[in-house]
Amino acid sequence: MPLLTLKAQVHADPETERILRDAMFCATKVYNGLMWHLRQELKEKGKVDLRRSTLNRTLKTLPRAKGYYSLSVQLTRDEVIQAYRSFFALKKNAFVCYLIAPPRPS
């Protein structure tokens, strides 16, 4: 499976750059946290509840939950749902050789 890595550089005033970095950090932590919880649920129960309401409850248990940007969290939550569904679609067709999407780099 090809891997594409993009590197970007932000040119902004220090305050804007701090906000952007924090938003990216939050999105990464939300993605990794939700994926970890989904893996644990699959391992323990053999199935996963992918409803937004369930994932929202899980989000509240993550560290720094009150500090996350709401729009970033919503988009990342929806991205997790799609990544999880894609994994099982690929697995059904025998295209997957690892367990669920790997975590994003921090």
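How exposed is Arg52? At 49% relative accessibility, Arg52 counts as partly exposed. Buried means under 20% relative accessible area, exposed means over 50%, and partly exposed lies in between (1.4 Å probe, protein chains only).

## The model and its numbering

This is a predicted model, in which local features need pLDDT of at least 70 and side-chain atom pairs count only at pLDDT 80 or more, while totals for chains, interfaces and linings use all residues. Residues are numbered from 1 along each chain as its sequence is written, and side-chain values use heavy atoms, with hydrogens and water left out.

## Overall layout

The chain has three helices and zero strands. Along the sequence the pattern reads α-α-α. Helices (H or I, at least four residues) and strands (E, at least two) are DSSP runs, numbered from the N terminus.

The chain has 106 residues, and 29% of them are buried.

Contact means heavy atoms within 4.5 Å. Take the contacts between residues at least 6 apart in sequence: 75% of them join residues at least 24 apart.

## The nonpolar core

A nonpolar core is a set of buried Ala, Val, Leu, Ile, Met, Phe, Trp, Tyr and Cys residues joined through side-chain atoms within 4.5 Å. The largest one here has 16 residues. Those with the most contacts inside it include Val30, Leu59 and Tyr68. Helices H1 (14–45), H2 (52–61) and H3 (70–92) each supply at least two residues of this core. The largest share, six residues, comes from H1.

Val80 is also among the residues with the most contacts inside the core. Leaving aside residues up to four places away in sequence, Val80 touches Tyr31, Leu34, Met35 and Leu38.

## One face of H2

Which residues of H2 are buried? They are Thr54, Leu55, Thr58 and Leu59. Seen down the axis of H2, these buried residues fall within an arc of 145°, so they line one face of the helix. The arc is that of the directions from the helix axis to the C-beta atoms.

## Salt bridges

A search of the whole structure finds five salt bridges. A salt bridge is a side-chain nitrogen of Lys or Arg within 4 Å of a carboxyl oxygen of Asp or Glu. One of them joins Glu17 and Arg21, whose closest N and O atoms are 3.1 Å apart. Glu17 and Arg21 are four residues apart in helix H1, so about one helical turn separates them. Glu17 is partly exposed at 24% relative accessible area, whereas Arg21 counts as exposed at 54%.

Asp78 forms a salt bridge with Arg52, with the closest N and O atoms 3.2 Å apart. This pair links distant parts of the chain: Asp78 is in helix H3, Arg52 is in helix H2, and they are 26 residues apart. Arg77 also bridges to Asp78, with the closest N and O atoms 3.2 Å apart. Arg77 is buried at 9% relative accessible area, while Asp78 is partly exposed at 22%. Salt bridges that share partners join Arg52, Arg77 and Asp78 into one network.
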